[in-house]
Amino acid sequence: MAPNTPTVSDDGADNIKTMKLYTNVERIKNELKFRNMLSSEFIDPIALSEIDSMHYMGNSAIQDIVQAMNNPGSYSRVLDIGSGFGGPARVLSATSKCTTVALELQQDIHEMAEYLTKRCNLDNFVTHEQGDILSIDLVTLGGGASSFDGVISFLVFLHISEKMPLLERCAEMLKPGGTIFVEDYFLRYPLSVSEEKSLLEDVFAKDLPTREEYISHLEASGFHKVQFIDKTSEWASYVSERLAGFVAKRDKFVKVHGEPTYVSLLHFYKAVAALFGGGNLGGVRIIAEK
């Protein structure tokens with residue numbers, strides 16, 4: 001890693017705000033108000049997921065977790081690393097009745113997630129914790145080491161260059177036979193100088209592993225039965241369509257959220273679409289067993 005390269009573990013939650021998806025947190029409440037959901041006594045977590053989820057492909061990805069974990073139930077405990085506004089954790093717990101510990105680095109996003117979970121009446125199923133997976137005392141998460149049936153994460157590991165300690169911590173939290181389900185970026189081919197710059201500044205990611213390196217890290221961390229499912233083509237189409245849809249709905253978005261928030265998100269969506277369009281950035285779903 002180059003000197004002074006920002007990563008979640010060495011610079012904390014502040015520098016990650018260069019990624020514009022993680023700013024303007026108030027947009028969640030703005031959208032709820034626009035949809036006449038903010039003042040209701042109960043917010044449906046499925047309806048809310050249209051607003052609060054930052055991963056790709058919506059709730060179909062959550063159903064894939066259920067399948068990968070062989071239908072978790074009330075007896076199951078899941079750790080969501082980098083849980084964002086809590087959308088996947090809430091949908092997973094609401095549909096499967098498992099308990100989920102949602103760990104989020106950024107304080108403002110963590111607070112919004114906790115608020116939304118209470119509004120969905122899911123605070124008995126989803127517990128929110130704020131901290132960095134690389135430094136937090138694992139005893140404070142759920143039942144501590146070897147207490148989780150599943151570890152999940154959506155588009156968060158890409159922010160953490162130190163894959164080995166990250167994956168080792170994931171393995172430590174899982175019960176024997178537990179499942180890890182991660183969606184992440186990987187390096188298909190060498191990036192251009194401009195792509196490296198955009199990846200670092202716009203996506204807060206650097207030193208992505210290749211397919212071979214990622215699998216090696218997983219196996220060295222104690223995982224087996226590794227499935228490395230290439231999602232590049234699917235995600236490239238998704239982020240391209242997301243950008244087109246966002247531009248098409250500009251007037252409505254600006255009315256609800258304001259021009260600065262629109263410009264900020266537009267920059268991010270353009271950057272991600274360009275990176276996938278270049279053909280060097282890859283997307284992957286990883287499913288493995290401890």
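Residue D149 is found in strand β4 of this predicted model, in which local features require pLDDT of at least 70, side-chain atom pairs count only at pLDDT 80 or more, and totals for chains, interfaces and linings use all residues. Residues are numbered from 1 along each chain as its sequence is written, and side-chain values use heavy atoms, with hydrogens and water left out. Strands (E, at least two residues) and helices (H or I, at least four) are DSSP runs numbered from the N terminus. Apart from its neighbours within four places in sequence, D149 is in contact with M69, Y75, S76, R77, L174, K175, G178 and T179, where contact denotes heavy atoms within 4.5 Å. The C-alpha atoms of D149 and Y75 are separated by 9.3 Å, although the two residues lie 74 residues apart along the chain.

An open sheet is formed by seven strands in the order β3-β2-β1-β4-β5-β7-β6, with mixed pairing; two strands are taken to pair if DSSP finds at least two bridges between them. The edge strands, each pairing on one side only, are β3 (126–130) and β6 (224–230). From one strand to the next the twist averages 15 degrees. Strand β2 (residues 99–104) pairs with β3 in the parallel sense over five bridges, and L103 stands opposite E129 in β3. Helix α5 packs on the sheet and touches β1 (77–81), β2, β3 and β4 (148–154), its direction making about 180 degrees with that of β2. Here axes are lines fitted to C-alpha atoms, for helices over the stretch in contact, and angles run from 0 to 180 degrees between N-to-C directions.

Helix α5 (residues 87–96) also meets helix α4 (residues 60–68): their axes come within 10 Å and cross at roughly 55 degrees. The two helices are therefore oblique to each other, given that angles under 35 degrees count as roughly parallel, over 145 as roughly antiparallel, 65 to 115 as roughly perpendicular and the rest as oblique. The crossing of α4 past α5 is right-handed; a crossing is right-handed if the near helix is turned clockwise from the far one by less than a right angle, and left-handed if anticlockwise. Residues I62, Q63, I65 and V66 of α4 and P88, V91, L92 and T95 of α5 make the contact. By class, this contact of α4 with α5 has six nonpolar, two polar and no charged residues (Ala, Val, Leu, Ile, Met, Phe, Trp, Tyr, Cys and Pro count as nonpolar, Asp, Glu, Lys and Arg as charged, and the others, Gly among them, as polar).

Two further helix pairs were examined. Helix α8 (residues 193–203) and helix α12 (residues 259–277) pack at an angle of about 145 degrees with their axes 10 Å apart, and α8 passes α12 in a left-handed crossing. On the α8 side, E195, S198, L199, D202 and V203 meet H267, F268, A271, V272 and L275 in α12. The contact comprises six nonpolar, two polar and two charged residues. The axes of helix α2 (residues 27–34) and helix α6 (residues 107–119) come within 11 Å and cross at roughly 30 degrees, which makes α2 roughly parallel to α6. There, I28, K29 and L32 in α2 meet M112, Y115 and L116 in α6, and the residues divide into five nonpolar, no polar and one charged.

Aromatic pairs number eleven when rings of Phe, Tyr and Trp (its six-membered ring) are paired if their centres lie within 6.5 Å, with planes under 30 degrees apart counted as stacked, over 60 as edge-to-face and the rest as tilted. The rings of Y56 and Y238 have centres 5.1 Å apart and planes at 40 degrees, so this pair is tilted. Because Y56 lies in the loop between α3 (45–52) and α4 and Y238 in helix α10 (residues 232–248), the pair ties together parts that are 182 residues apart in sequence.
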